[in-house]
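Good morning, colleagues. Please turn to the sequence and the structure on the screen, and I shall take you through selected features.

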Amino acid sequence: MPQETPDLRNLREPVRFKRALTLLLMTLILPGSAQIVAGSRKAGRWVWRVVAGLVAIVIFFVILGLIWRSGTINILARPGTLRIVQVLLILLAIGWAALFVDAYRLGQPLTLERNHRLMTSIMDGALIFVVVGALIYASVIVNTQRDFVASVFGSGQKSKADKGRYNVLLMGGDSGADRIGTRPDSMTVASIDADTGRTVLIGLPRNLAKVPFPAGTAMAKQFPEGFQWNKCAAECLLNAVYTYAANHKNLFPGDANPGETATMQAVEAVTGLKLNYYVLIDLAGFRDLLNAVGGITLDIGKRVPIGGGSSPIKGYIEAGKNQHLDGYHALWFARSRAESSDYERMARQKCVMSAMLNQLSPQTVLTKFQGIASASKQVVKTNIPAGELGTFTDLALDAKKLPVSSFSAVPPVIHTGDPDFALIRTKVAEAIAKSESLDKEGSGGDGKTSSTPRSTTSTTKKPSTGTTKKPTSSPTTPAAGVDDVASICKA
């Protein structure tokens, strides 16, 4: 039952004014407390139960996050969970606004002097605006996240780590009329340790010829001697596998993404790694994503042209330390071909990826989430299921603390026109083994202590087709200024 409305006429007016302000502040700090003191105690107790329940849920997820971070993110990132959170935030905003209005009523503004009544009204309106506005904005953020997860991440099948690693193919393609992803300009495998997040970036040149496919696949039957045919020239290089598969969907019945599937198969055969997922990035839209996160900062060892090729050079990204690049300049830094080789461009792209990994802070994601999510929906296509979002977010947070190592299958180690695929697989396995040795017990991750890697089976994997060769006396020193990413740039 409501409490009997107190008669405030015997109180001095300043006391009545302070009482009115106090009730509003009580509602801000502990919703329902104003009703307990001056209104309906039953209603106030119900509000307290709701508040206690919400606090308990928050505490539960905080503790769960400390114990099981990836699982907690997976739960909270589900579209269904995000929809529930969005509705709760809207209901909380409406309920809290009602409590402020009731607290204002309980302050009996008609008993106050005009100036004090005006100040109380302004304060009540301001509190409603701030609290309700914050909750509604939070609900908009949650809805954006839900839309982003639903648009970018699918409900596909989860893929387990292979030999303790997740291997994700990152492809970058120029946008344009009917061109998004149709011929990836860059291909990099991110091989991620499933325990530590330590990452090895494996760069594959787009002009790698005669690429094999895993035995038993449609492409292997179509090209038993590798991806080549008479006078195919540029049409039978690695970056053309996507286009060929997309134009021959009959080889992939029931597959909605034959280009991605065929490219993943080729990369598996080339590297000897089992790929878990792919991420296809529209490089032109990538500019908007970089702008959304505020750009990146790099140490640049060599100036890079803006433009070139079929268009005139419009300027340069100058060499120097701590060069901050916005989306426009970062995109040109990653994709510029003038005055450099494809292999050097691969190194620059690795640098951009590393910078994004190392410099994107949780604070940036939170404060600029709307722009990031909006840009990402236009930039990213992936088969990583929504249920794995927490796993990879967790690994990314761990990876931020560790240096990224790399290997690029480029000359003079690898002759792209007539590649030694057995040598590529050996070099990939060596790069991964070296990375894993840094996390062995006692090494401290500083690379000073080395031990036998935990996964070495991939070093002896046989070639997938008869066109591959055994390791030869090909040079084993990385190409100067190519695989040594630090000589070109440093994130």
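Predicted model: local features only at pLDDT ≥ 70, side-chain atom pairs only at ≥ 80, totals over all residues.

**A buried glutamate and its surroundings**

Glu388 is buried but forms no salt bridge, and the nearest side chain of opposite charge, that of Lys158, lies 4.3 Å away. A salt bridge would require a side-chain nitrogen of Lys or Arg within 4 Å of a carboxyl oxygen. Glu388 sits in the loop that joins strand E9 (380-382) to helix H15 (389-399). Beyond its neighbours within four places in sequence, Glu388 has contacts with Asn74, Lys158, Ser159, Tyr166 and Tyr277.

Helix H15 also contains Ala399. Ala399 is buried, with a relative accessible area of 4%. Its C-alpha is 4.6 Å from that of Gly197, although 202 residues separate Ala399 and Gly197 in sequence.

I turn now to the sheet. Six strands form an open sheet in the order E9-E4-E1-E2-E3-E10, with mixed pairing. E9 and strand E10 (405-408) are at the edges with a single partner strand each, so one side of each has no neighbour in the sheet. On average, neighbouring strands are turned by 20 degrees against each other, direction ignored. Strand E3 (residues 199-204) pairs with E10 in the parallel sense over 4 bridges, and Gly203 stands opposite Ser408 in E10. Helix H9 (residues 258-271) lies across several strands, including E1 (165-173), and runs at about 125 degrees to E1.

Finally, helix H3 (residues 41-67) has 27 residues and spans 38 Å from first to last C-alpha, close to the expected 39 Å. Gly44, Val47 and Leu64 are buried in H3, and the buried residues of H3 pack against helices H2 (33-38), H4 (69-77) and H5 (79-106).

Conventions: Residues numbered from 1 in each chain as written. Heavy atoms only, no water. Helix = DSSP H or I, 4+ residues; strand = E, 2+ residues; numbered from the N terminus. Buried < 20%, exposed > 50% of the residue type's maximum accessible area, 1.4 Å probe, protein only. Lys, Arg positive; Asp, Glu negative; His and termini not counted. Contact = heavy atoms within 4.5 Å. Expected span 1.5 Å × (residues − 1). Pairing = 2+ DSSP bridges. Axes fitted to C-alpha atoms, helices over the stretch in contact; angles between N-to-C directions.
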